[in-house]
Amino acid sequence: MSRVCLAVDVGGTKIAAALVDATGAVLASARRPSEPARGGAAVLADMIACMDGIERRGHDLVAVGVSAAGVIDPRAGVVADATDVMPGWKGQRLADACATCFGVPVACANDVHSALAGELWRNEALAGVRGAVVMLALGTGLGGAIAVDGRLLAGAHFIAGHFGRTLVQHNGGAVTLDSLVSGTGLSNLYRELAHAEADGPAVLARAGAGEAAAAAALSAWLDYLAMTLHNIYWMLDPTLLIIGGGVIDSRAHWWSELEARLAGLGGGPRLAPAILGSDAGVIGAARLAWQSVEARA
(Lines give C-alpha, C1' and ligand atoms only; values in the text may rest on other atoms or scores of the structure.)
Protein backbone atom coordinates (compact mmCIF):
# COMPACT_ATOMS: atom_id res chain seq x y z
CA MET A 1 0.00 0.00 0.00
CA SER A 2 1.19 3.53 -0.76
CA ARG A 3 1.78 5.87 2.16
CA VAL A 4 -0.41 8.97 2.14
CA CYS A 5 -1.42 11.93 4.27
CA LEU A 6 -4.90 13.36 4.56
CA ALA A 7 -5.05 17.16 4.49
CA VAL A 8 -7.79 19.73 4.97
CA ASP A 9 -8.11 23.50 4.64
CA VAL A 10 -10.92 25.24 6.54
CA GLY A 11 -11.85 28.85 5.81
CA GLY A 12 -14.77 31.22 5.90
CA THR A 13 -16.26 29.98 2.62
CA LYS A 14 -15.07 26.43 2.00
CA ILE A 15 -13.67 23.21 3.42
CA ALA A 16 -11.25 21.49 1.03
CA ALA A 17 -9.76 18.06 1.75
CA ALA A 18 -7.29 15.94 -0.17
CA LEU A 19 -5.33 12.70 -0.07
CA VAL A 20 -1.71 13.60 -0.83
CA ASP A 21 1.35 11.45 -1.41
CA ALA A 22 4.93 12.20 -0.40
CA THR A 23 5.65 14.07 -3.66
CA GLY A 24 2.75 16.48 -3.15
CA ALA A 25 0.53 14.82 -5.74
CA VAL A 26 -3.20 14.99 -4.95
CA LEU A 27 -4.69 11.50 -5.33
CA ALA A 28 -8.27 12.37 -4.37
CA SER A 29 -10.10 15.44 -3.12
CA ALA A 30 -13.40 16.71 -1.76
CA ARG A 31 -14.91 20.12 -1.11
CA ARG A 32 -17.97 21.57 0.60
CA PRO A 33 -19.12 24.99 1.89
CA SER A 34 -18.01 25.79 5.43
CA GLU A 35 -21.10 27.86 6.37
CA PRO A 36 -19.44 29.32 9.48
CA ALA A 37 -22.60 31.03 10.74
CA ARG A 38 -23.72 27.61 12.02
CA GLY A 39 -20.98 27.74 14.67
CA GLY A 40 -17.57 26.24 15.24
CA ALA A 41 -18.73 22.79 16.33
CA ALA A 42 -20.75 22.33 13.14
CA VAL A 43 -17.82 23.44 10.98
CA LEU A 44 -15.50 21.04 12.81
CA ALA A 45 -17.94 18.17 12.30
CA ASP A 46 -18.16 18.96 8.58
CA MET A 47 -14.37 19.17 8.39
CA ILE A 48 -14.08 15.62 9.72
CA ALA A 49 -16.88 14.39 7.45
CA CYS A 50 -15.27 15.97 4.38
CA MET A 51 -11.96 14.25 5.12
CA ASP A 52 -13.54 10.93 6.06
CA GLY A 53 -15.51 10.89 2.82
CA ILE A 54 -12.34 10.55 0.74
CA GLU A 55 -11.73 6.94 -0.30
CA ARG A 56 -8.54 5.61 1.33
CA ARG A 57 -8.66 1.90 0.55
CA GLY A 58 -5.35 0.69 -0.85
CA HIS A 59 -3.43 3.43 0.97
CA ASP A 60 -1.58 3.55 4.28
CA LEU A 61 -2.65 6.72 6.09
CA VAL A 62 0.33 7.97 8.11
CA ALA A 63 -0.67 11.50 9.22
CA VAL A 64 -3.24 14.27 8.96
CA GLY A 65 -2.58 17.94 8.23
CA VAL A 66 -5.00 20.74 9.09
CA SER A 67 -4.91 24.27 7.68
CA ALA A 68 -7.43 26.56 9.34
CA ALA A 69 -8.47 30.19 9.57
CA GLY A 70 -7.68 31.94 12.84
CA VAL A 71 -4.80 31.95 15.28
CA ILE A 72 -3.78 28.30 15.55
CA ASP A 73 -1.69 26.82 18.37
CA PRO A 74 0.30 24.26 16.36
CA ARG A 75 1.55 22.44 19.45
CA ALA A 76 -1.90 21.75 20.92
CA GLY A 77 -3.76 21.76 17.60
CA VAL A 78 -6.32 24.23 18.98
CA VAL A 79 -7.88 27.40 17.55
CA ALA A 80 -6.43 29.98 19.96
CA ASP A 81 -8.36 32.92 18.50
CA ALA A 82 -10.70 33.71 15.62
CA THR A 83 -12.62 36.68 14.26
CA ASP A 84 -16.38 37.09 14.04
CA VAL A 85 -16.22 35.69 10.51
CA MET A 86 -15.97 32.26 12.19
CA PRO A 87 -18.29 32.44 15.24
CA GLY A 88 -17.56 29.77 17.82
CA TRP A 89 -14.39 28.69 16.01
CA LYS A 90 -12.14 29.82 18.86
CA GLY A 91 -11.37 26.91 21.17
CA GLN A 92 -12.10 24.14 18.67
CA ARG A 93 -9.72 21.22 19.23
CA LEU A 94 -8.73 20.36 15.67
CA ALA A 95 -5.96 17.85 16.43
CA ASP A 96 -7.96 15.92 19.01
CA ALA A 97 -10.93 15.57 16.66
CA CYS A 98 -8.73 14.31 13.81
CA ALA A 99 -6.74 11.94 16.04
CA THR A 100 -9.96 10.42 17.39
CA CYS A 101 -11.36 9.85 13.92
CA PHE A 102 -8.26 8.74 12.02
CA GLY A 103 -5.90 7.41 14.69
CA VAL A 104 -2.74 8.99 13.28
CA PRO A 105 -0.56 11.98 14.24
CA VAL A 106 -1.94 15.42 13.33
CA ALA A 107 -0.17 18.65 12.30
CA CYS A 108 -2.10 21.94 12.48
CA ALA A 109 -1.34 25.48 11.31
CA ASN A 110 -2.95 28.75 10.36
CA ASP A 111 -4.18 28.82 6.76
CA VAL A 112 -1.63 31.34 5.47
CA HIS A 113 1.19 29.59 7.34
CA SER A 114 0.06 26.42 5.57
CA ALA A 115 -0.12 28.22 2.23
CA LEU A 116 3.49 29.34 2.62
CA ALA A 117 4.53 25.76 3.47
CA GLY A 118 2.80 24.65 0.28
CA GLU A 119 4.53 27.26 -1.85
CA LEU A 120 7.94 26.37 -0.39
CA TRP A 121 7.22 22.72 -1.26
CA ARG A 122 5.72 22.98 -4.73
CA ASN A 123 6.85 26.32 -6.21
CA GLU A 124 9.98 25.56 -8.22
CA ALA A 125 10.93 29.25 -8.23
CA LEU A 126 11.55 28.94 -4.47
CA ALA A 127 13.87 25.94 -4.66
CA GLY A 128 16.99 26.57 -2.60
CA VAL A 129 15.85 29.95 -1.25
CA ARG A 130 17.41 30.52 2.16
CA GLY A 131 16.87 33.12 4.85
CA ALA A 132 13.49 34.70 5.57
CA VAL A 133 10.60 34.23 3.16
CA VAL A 134 7.44 36.22 3.81
CA MET A 135 4.01 35.59 2.32
CA LEU A 136 1.12 38.04 2.11
CA ALA A 137 -2.31 36.65 1.26
CA LEU A 138 -4.50 39.37 -0.22
CA GLY A 139 -8.05 38.10 -0.15
CA THR A 140 -11.14 39.24 1.70
CA GLY A 141 -8.69 40.17 4.46
CA LEU A 142 -4.91 40.33 4.74
CA GLY A 143 -3.07 37.29 6.04
CA GLY A 144 0.61 36.60 6.29
CA ALA A 145 3.28 34.10 7.20
CA ILE A 146 7.04 34.00 7.76
CA ALA A 147 9.48 31.14 7.23
CA VAL A 148 13.19 31.14 8.04
CA ASP A 149 15.37 28.63 6.21
CA GLY A 150 12.22 26.70 5.30
CA ARG A 151 10.78 26.53 8.84
CA LEU A 152 7.57 28.35 9.67
CA LEU A 153 7.76 30.98 12.41
CA ALA A 154 4.71 30.70 14.68
CA GLY A 155 5.75 33.23 17.34
CA ALA A 156 5.35 33.22 21.10
CA HIS A 157 1.57 33.66 20.80
CA PHE A 158 1.20 31.97 17.37
CA ILE A 159 0.48 35.28 15.62
CA ALA A 160 3.68 35.82 13.63
CA GLY A 161 2.78 37.09 10.17
CA HIS A 162 -0.68 38.43 11.05
CA PHE A 163 0.16 41.70 9.30
CA GLY A 164 -3.51 42.48 8.74
CA ARG A 165 -4.03 43.06 12.47
CA THR A 166 -1.40 45.84 12.61
CA LEU A 167 -2.66 49.42 12.94
CA VAL A 168 -2.20 52.34 10.56
CA GLN A 169 -3.49 55.90 10.49
CA HIS A 170 -6.25 56.58 7.98
CA ASN A 171 -8.62 59.54 7.82
CA GLY A 172 -7.57 60.71 11.27
CA GLY A 173 -8.00 57.43 13.11
CA ALA A 174 -6.35 54.08 13.67
CA VAL A 175 -7.61 51.23 11.50
CA THR A 176 -6.38 47.70 10.92
CA LEU A 177 -4.19 47.26 7.89
CA ASP A 178 -6.47 44.61 6.40
CA SER A 179 -9.25 47.21 6.10
CA LEU A 180 -7.06 48.93 3.49
CA VAL A 181 -4.71 46.29 2.03
CA SER A 182 -7.03 43.49 0.87
CA GLY A 183 -9.90 42.95 -1.51
CA THR A 184 -12.16 44.48 1.14
CA GLY A 185 -9.66 47.32 1.52
CA LEU A 186 -9.92 48.17 -2.16
CA SER A 187 -13.70 48.20 -1.83
CA ASN A 188 -13.48 50.43 1.27
CA LEU A 189 -11.23 52.94 -0.49
CA TYR A 190 -13.58 53.05 -3.46
CA ARG A 191 -16.56 53.68 -1.18
CA GLU A 192 -14.78 56.64 0.38
CA LEU A 193 -13.97 58.19 -3.00
CA ALA A 194 -17.03 57.30 -5.08
CA HIS A 195 -19.67 57.16 -2.32
CA ALA A 196 -20.81 53.94 -3.98
CA GLU A 197 -20.45 50.22 -3.37
CA ALA A 198 -18.34 47.82 -5.41
CA ASP A 199 -16.32 44.74 -4.52
CA GLY A 200 -12.61 44.47 -5.29
CA PRO A 201 -12.93 42.80 -8.73
CA ALA A 202 -15.52 45.37 -9.78
CA VAL A 203 -13.26 48.23 -8.72
CA LEU A 204 -10.43 46.78 -10.81
CA ALA A 205 -12.73 46.42 -13.79
CA ARG A 206 -13.96 49.99 -13.43
CA ALA A 207 -10.40 51.27 -13.11
CA GLY A 208 -9.50 49.41 -16.30
CA ALA A 209 -12.47 51.01 -18.03
CA GLY A 210 -11.21 54.47 -17.10
CA GLU A 211 -13.48 55.39 -14.17
CA ALA A 212 -11.67 58.13 -12.22
CA ALA A 213 -12.87 57.13 -8.73
CA ALA A 214 -11.92 53.49 -9.28
CA ALA A 215 -8.50 54.47 -10.63
CA ALA A 216 -7.94 56.71 -7.59
CA ALA A 217 -8.99 53.90 -5.21
CA LEU A 218 -6.62 51.48 -6.92
CA SER A 219 -3.81 54.05 -6.71
CA ALA A 220 -4.39 54.57 -2.97
CA TRP A 221 -4.56 50.79 -2.45
CA LEU A 222 -1.24 50.34 -4.23
CA ASP A 223 0.31 53.10 -2.11
CA TYR A 224 -0.71 51.29 1.08
CA LEU A 225 0.45 47.93 -0.27
CA ALA A 226 3.81 49.33 -1.37
CA MET A 227 4.37 50.93 2.04
CA THR A 228 3.50 47.63 3.71
CA LEU A 229 6.05 45.77 1.60
CA HIS A 230 8.63 48.49 2.18
CA ASN A 231 8.13 48.28 5.95
CA ILE A 232 8.34 44.46 5.94
CA TYR A 233 11.57 44.76 3.96
CA TRP A 234 13.12 47.02 6.60
CA MET A 235 11.78 45.06 9.56
CA LEU A 236 12.54 41.50 8.43
CA ASP A 237 14.97 41.82 5.50
CA PRO A 238 13.41 38.84 3.68
CA THR A 239 15.15 37.09 0.83
CA LEU A 240 11.80 36.89 -0.97
CA LEU A 241 8.23 38.08 -0.48
CA ILE A 242 5.43 36.02 -2.02
CA ILE A 243 2.06 37.60 -2.74
CA GLY A 244 -0.93 35.27 -2.91
CA GLY A 245 -4.63 35.24 -2.13
CA GLY A 246 -7.54 35.90 -4.45
CA VAL A 247 -6.34 39.35 -5.48
CA ILE A 248 -3.23 37.87 -7.11
CA ASP A 249 -5.40 36.61 -9.98
CA SER A 250 -5.81 40.23 -11.11
CA ARG A 251 -2.13 41.12 -10.92
CA ALA A 252 -1.95 42.01 -14.62
CA HIS A 253 -3.84 45.18 -13.63
CA TRP A 254 -1.45 46.31 -10.89
CA TRP A 255 1.80 44.32 -10.49
CA SER A 256 3.99 46.64 -12.59
CA GLU A 257 2.54 49.68 -10.81
CA LEU A 258 3.34 48.09 -7.45
CA GLU A 259 6.94 47.51 -8.49
CA ALA A 260 7.19 51.14 -9.63
CA ARG A 261 5.91 52.37 -6.27
CA LEU A 262 8.42 50.19 -4.42
CA ALA A 263 11.21 51.63 -6.54
CA GLY A 264 9.96 55.11 -5.71
CA LEU A 265 10.23 54.31 -2.00
CA GLY A 266 13.86 53.32 -2.44
CA GLY A 267 13.42 49.65 -3.21
CA GLY A 268 12.07 46.66 -1.37
CA PRO A 269 12.05 42.88 -1.24
CA ARG A 270 12.23 40.64 -4.27
CA LEU A 271 8.64 39.77 -5.15
CA ALA A 272 7.11 36.61 -6.56
CA PRO A 273 3.47 35.64 -7.16
CA ALA A 274 2.09 32.56 -5.44
CA ILE A 275 1.27 29.68 -7.81
CA LEU A 276 -0.99 27.31 -5.86
CA GLY A 277 -4.10 29.48 -5.72
CA SER A 278 -6.97 28.07 -3.69
CA ASP A 279 -5.10 24.76 -3.26
CA ALA A 280 -2.27 26.36 -1.25
CA GLY A 281 -3.75 25.68 2.18
CA VAL A 282 -4.52 22.00 1.63
CA ILE A 283 -1.18 21.35 -0.12
CA GLY A 284 0.63 23.13 2.73
CA ALA A 285 -1.28 21.16 5.35
CA ALA A 286 -0.16 17.98 3.61
CA ARG A 287 3.42 19.24 3.62
CA LEU A 288 3.28 19.86 7.37
CA ALA A 289 1.83 16.40 7.91
CA TRP A 290 4.63 14.81 5.88
CA GLN A 291 7.22 16.84 7.78
CA SER A 292 5.79 15.48 11.05
CA VAL A 293 6.21 11.96 9.67
CA GLU A 294 9.82 12.69 8.67
CA ALA A 295 10.54 14.13 12.13
CA ARG A 296 9.43 10.91 13.78
CA ALA A 297 11.40 8.64 11.42
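This is a predicted model: local features need pLDDT of at least 70, side-chain atom pairs count only at pLDDT 80 or more; totals for chains, interfaces and linings use all residues.
## The nonpolar cores

Let's begin inside the protein. The largest nonpolar core holds 36 residues, and those with the most contacts within it are Trp221, Leu225, Leu229, Ile243, Trp254 and Leu258. Helix 6 (212-236) supplies the largest share of this core, with 11 residues. Other elements that give two or more residues include strand 8 (132-138), strand 9 (142-148), helix 5 (200-208) and helix 7 (255-264).

Beyond its neighbours within four places in sequence, Trp254 is in contact with Leu204, Leu218, Trp221, Leu222, Leu225, Ile243, Val247 and Ile248. There is also a second, separate core of 30 residues, with Leu240, Ala274, Ala286 and Val293 among them.

## Helix 3 against helix 8

Now for the helix pair. Helix 3 (residues 111-122) packs against helix 8 (residues 280-296) with axes 7 Å apart and an angle of about 75 degrees. The two helices are therefore roughly perpendicular.

By class, this contact brings together 9 nonpolar, 4 polar and 3 charged residues.

## A look at Glu192

Finally, a residue in helix 4 (residues 183-194): Glu192. Is Glu192 buried, partly exposed or exposed? Its relative accessibility is 35%, so Glu192 counts as partly exposed.

Not counting residues up to four places away in sequence, Glu192 touches His170 and Asn171. Glu192 and Ala217 are 25 residues apart in sequence, with their C-alpha atoms 8.5 Å apart in space.

Technical notes: Residues are numbered from 1 along each chain as its sequence is written. Side-chain values use heavy atoms; hydrogens and water are left out. Helices (H or I, at least four residues) and strands (E, at least two) are DSSP runs, numbered from the N terminus. Buried means under 20% relative accessible area, exposed over 50%, partly exposed in between (1.4 Å probe, protein chains only). Contact means heavy atoms within 4.5 Å. Axes are lines fitted to C-alpha atoms, for helices over the stretch in contact, and angles run from 0 to 180 degrees between N-to-C directions. Angles under 35 degrees count as roughly parallel, over 145 as roughly antiparallel, 65 to 115 as roughly perpendicular and the rest as oblique. Ala, Val, Leu, Ile, Met, Phe, Trp, Tyr, Cys and Pro count as nonpolar, Asp, Glu, Lys and Arg as charged, and the others, Gly among them, as polar. A nonpolar core is a set of buried Ala, Val, Leu, Ile, Met, Phe, Trp, Tyr and Cys residues joined through side-chain atoms within 4.5 Å.
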